[in-house]
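Hi everyone, and thanks for coming along.

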Amino acid sequence: MTSDEEAVARARQAFADTFGGRPEGVWAAPGRINVIGEHTDYNAGFVLPVALPHTTRAAVARREDGRVAFASRQGDGSVVELGVGELDPGRPDGWAGYPAGVVWGLRDRLSGGLSVLVDSDVPVGAGLSSSAALTCSVALALRDLVAGELDPGDLVELARQAENDFVGAPTGILDQSASVLCTEGHALFLDTFDRTSEQVPLDLAAAGLELLVVDSGVTHEHAGGGYGDRRRECELAAERLGVAFLREIDDVARLDALADGTAEGDVLLRRARHIVTENARVLEVVAALRGDADPRAIGPILTAGHESLRGNFEISVPLLDAIVESATAAGAYGARMVGGGFGGSAIALVDADRIDAVVTAVTERFAREGQQAPRTFTAVPSSGARRLA
């Protein structure tokens with residue numbers, strides 16, 4: 001990671017090298033780690049993310065020719081360019097579809113066009129919400145440049161629509177909300193049904209703790225595959241239970257109605273069981289953090305969440321399981337996979353003076369599995385989207 005001053009200088013230089021001239025500003029939005037509350041957002045449930053210090057920066061300037069152009073310092077040097085009127089869901093595709101989807105959402109506000117240069121240190125495909133960091137940084141830029149009346153909730157919705165409607169990734173609002181709304185030193189307790197939120201203090205360092213992030217190295221994407229399947233299964237389970245969202249159920253016993261003796265019924269039962277118990281876990285963690293309890297007490301809740309994601313939701317992979325097993329065996333108070341699943345990262349709640357021992361244990365486990373040493377870092381609750389210059 002770089003300082004804000006370094007990030008601004010680098011983005012401005014890259015913009016000048018690519019487009020000529022100087023951007024009108026540089027905006028940043030962070031990736032996120034979800035402490036607890038996985039796959040509950042599109043079920044109108046509860047989530048508890050923190051923003052990471054890792055950000056995506058967007059250097060942006062308006063132009064007069066009616067065209068939009070996108071370039072990335074992490075790309076191959078090429079520029080994706082087309083007319084504003086040519087923007088359409090799926091066009092452009094690839095990474096440029098994410099910022100293009102934001103522009104598409106505000107296309108009626110653009111009297112001309114736009115040049116966008118992005119630079120990021122949010123790992124891609126690691127379950128840390130790199131796509132939301134990208135869309136939210138561009139959404140904030142466009143708010144400041146052409147749509148000053150938009151409030152933070154509008155930015156969340158704009159970024160969500162870019163992913164859902166333009167790119168075709170069936171995400172909820174967890175990632176975008178975390179990227180826009182999180183504050184330094186806090187976790188964001190968000191009720192995704194009514195969009196109410198609370199900043200819950202999360203000062204793990206004061207308790208001698210760290211939240212270790214371990215990237216499995218197995219990449220994933222939301223725009224296809226199992227993520228969409230899980231969403232459809234949850235929607236079908238809710239329909240069969242006679243509710244609009246699984247959030248409406250807080251008694252696991254009610255889920256027995258899904259057990260009809262068929263393989264499909266068993267799948268729906270397990271998917272619904274994860275959502276109902278995960279919502280309860282979020283509330284349990286929030287209650288602990290609000291009170292005087294030692295934060296170490298949330299460790300077993302994190303591990304229980306992983307077991308549900310692995311067994312009920314079936315979205316873990318062997319390397320994520322290996323991280324959880326080796327971290328807890330080495331002294332972590334709890335650990336779980338984070339993100340949409342089928343790859344990505346895991347977190348572990350660890351005493352600060354045990355971080356090296358846990359990293360060593362995970363690295364040795366990876367070596368036994370024939371894998372390279374994983375990328376690791378500690379997650380510090382950081383600020384949400386903001387203008388840097």
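**A buried arginine, and what surrounds it**

Let me start with one side chain: Arg-160 has a relative accessibility of 16%, so it counts as buried, since the cut-off for buried is under 20%. Before going further, please keep in mind that this is a predicted model.

Who is the partner of Arg-160? Arg-160 makes a salt bridge with Glu-157, and their closest N and O atoms are 2.4 Å apart. If you look at helix H4, residues 152-167, you will find both of them there, 3 residues apart, about one turn of the helix. Glu-157, at 21% relative accessibility, counts as partly exposed. As a general point, side chains of opposite charge can pair when their charged atoms come close.

Salt bridges with shared partners connect Arg-63, Asp-65, Arg-67, Glu-81, Glu-86 and Arg-91. One of its links is the salt bridge between Arg-91 and Glu-86, where the closest N and O atoms are 3.1 Å apart. Arg-91 is partly exposed, at 44% relative accessibility, and Glu-86 is partly exposed too, at 31%.

How many salt bridges are there in total? The count comes to 33. Behind that number stand 35 positive and 57 negative side chains in the protein chain. The centres of those two sets lie 2 Å apart.

Ala-346 sits in strand S10, residues 345-351, and with a relative accessible area of 0% it is buried. What does Ala-346 touch, once residues up to four places away in sequence are set aside? The list is Leu-212, Val-213, Val-214, Leu-320, Ile-323, Arg-336, Met-337 and Val-338. For a sense of distance, take Ala-346 and Glu-284: they are 62 residues apart in sequence, and their C-alpha atoms are 20 Å apart in space.

Now let's zoom out to the whole protein chain. Its secondary structure comes to 10 helices and 12 strands. The radius of gyration is 21 Å, close to the 21 Å that the globule rule gives for 389 residues, so the chain is as compact as a globular protein of that length. Along the principal axes, the C-alpha atoms fill a box of roughly 60 × 50 × 40 Å.

How much of the chain is buried? Buried residues make up 57% of the 389 residues. As for contacts with a separation of 6 or more, 73% are between residues 24 or more positions apart.

Note on methods:
Residues are numbered from 1 along each chain as its sequence is written. This is a predicted model: local features need pLDDT of at least 70, side-chain atom pairs count only at pLDDT 80 or more; totals for chains, interfaces and linings use all residues. Side-chain values use heavy atoms; hydrogens and water are left out. Helices (H or I, at least four residues) and strands (E, at least two) are DSSP runs, numbered from the N terminus. The radius of gyration is taken over C-alpha atoms; the globule rule is 2.2 Å times the number of residues to the power 0.38. Buried means under 20% relative accessible area, exposed over 50%, partly exposed in between (1.4 Å probe, protein chains only). Contact means heavy atoms within 4.5 Å. Lys and Arg count as positive and Asp and Glu as negative; His and the chain ends are not counted. The place of a charge is taken as NZ of Lys, CZ of Arg, CG of Asp or CD of Glu. A salt bridge is a side-chain nitrogen of Lys or Arg within 4 Å of a carboxyl oxygen of Asp or Glu.
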